[in-house]
Amino acid sequence: MIDAVFYKDATDKYIGFSVSGHAGYAKRGQDIVCSAVSALTINTVNSIEKFTDNTYKLETGASGKIKFKFTSDSDEKGQLLLNALVLGITEIYKEYDGKYLQVYFKEV
C-alpha cells in the first residue's frame, strides 16, 4: 500500500508531502499504480525546481520513499503544483477504491 501524506499549515496552505510504500497492484516493474504515483510525484518536484523560485528540502529513501517540504513561504506557482499533485493522487485513490493507495491530510 502506498501512503501519501499532504501537510498543510493553519491557513490551509500546502507546505509539503511524503509518499512511501508500494501499491501491490502488480509485480515490481509492472505496477501501474506505483508508476503513476511516482511519475506525478517526481514531476511535481522537478516542476517546482524548474518553474518556481521556491526553496525546499527533499529526502529520498529506500523503497521509493520521498519527503518534500518547502523551506520558505511558497508562492502561487508552488501551491498550484502541489494542488495538481493532490488532484492526481486523489483521483488514483478514487479510481482504485483505496485498495492500493491511502491519502492523508495533516495540519502541522
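The largest pocket in this structure has a volume of about 230 Å³. The model is a predicted one. Among the 15 residues that line the largest pocket, Val19, Ser38, Gly64, Lys65 and Ile66 are the closest to its centre. Two elements, β2 (14-21) and α1, each give two or more residues to this lining. Helix α1 provides the largest share, five residues. By type, the lining of the largest pocket divides into six nonpolar residues, eight polar and one charged.

Strand β2 also takes part in strand pairing, as the table shows.

| β1 (residues 2-8) and β2 | antiparallel | seven | Ile2 with Gly21 |

Helix α1 (residues 32-51), besides lining the pocket, packs against helix α2 (residues 76-95). The angle between these two helices is about 175 degrees, and their axes lie 10 Å apart. Angles over 145 degrees count as roughly antiparallel, and α1 and α2 are therefore roughly antiparallel to each other. From α1, the residues in the contact are Val33, Ala36, Val37, Leu40, Thr41, Thr44, Ser47, Ile48 and Phe51. They meet Lys77, Leu81, Leu82, Leu85, Gly88, Ile89 and Ile92 of α2. The residues of this contact divide into eleven nonpolar, four polar and one charged.

Methods: Residues are numbered from 1 along each chain as its sequence is written. This is a predicted model: local features need pLDDT of at least 70, side-chain atom pairs count only at pLDDT 80 or more; totals for chains, interfaces and linings use all residues. Side-chain values use heavy atoms; hydrogens and water are left out. Axes are lines fitted to C-alpha atoms, for helices over the stretch in contact, and angles run from 0 to 180 degrees between N-to-C directions. Helices (H or I, at least four residues) and strands (E, at least two) are DSSP runs, numbered from the N terminus. Angles under 35 degrees count as roughly parallel, over 145 as roughly antiparallel, 65 to 115 as roughly perpendicular and the rest as oblique. Contact means heavy atoms within 4.5 Å. Ala, Val, Leu, Ile, Met, Phe, Trp, Tyr, Cys and Pro count as nonpolar, Asp, Glu, Lys and Arg as charged, and the others, Gly among them, as polar. On a 1 Å grid over the protein atoms alone, a cavity is a set of points where a 1.4 Å probe fits but cannot get out, and a pocket is an open set with protein on both sides within 12 Å along at least five of seven lines; lining residues have an atom within 4 Å of a point. Grid points are joined across faces, edges and corners, and a volume is the space filled by probe spheres set on the points. Two strands pair if DSSP finds at least two bridges between them.
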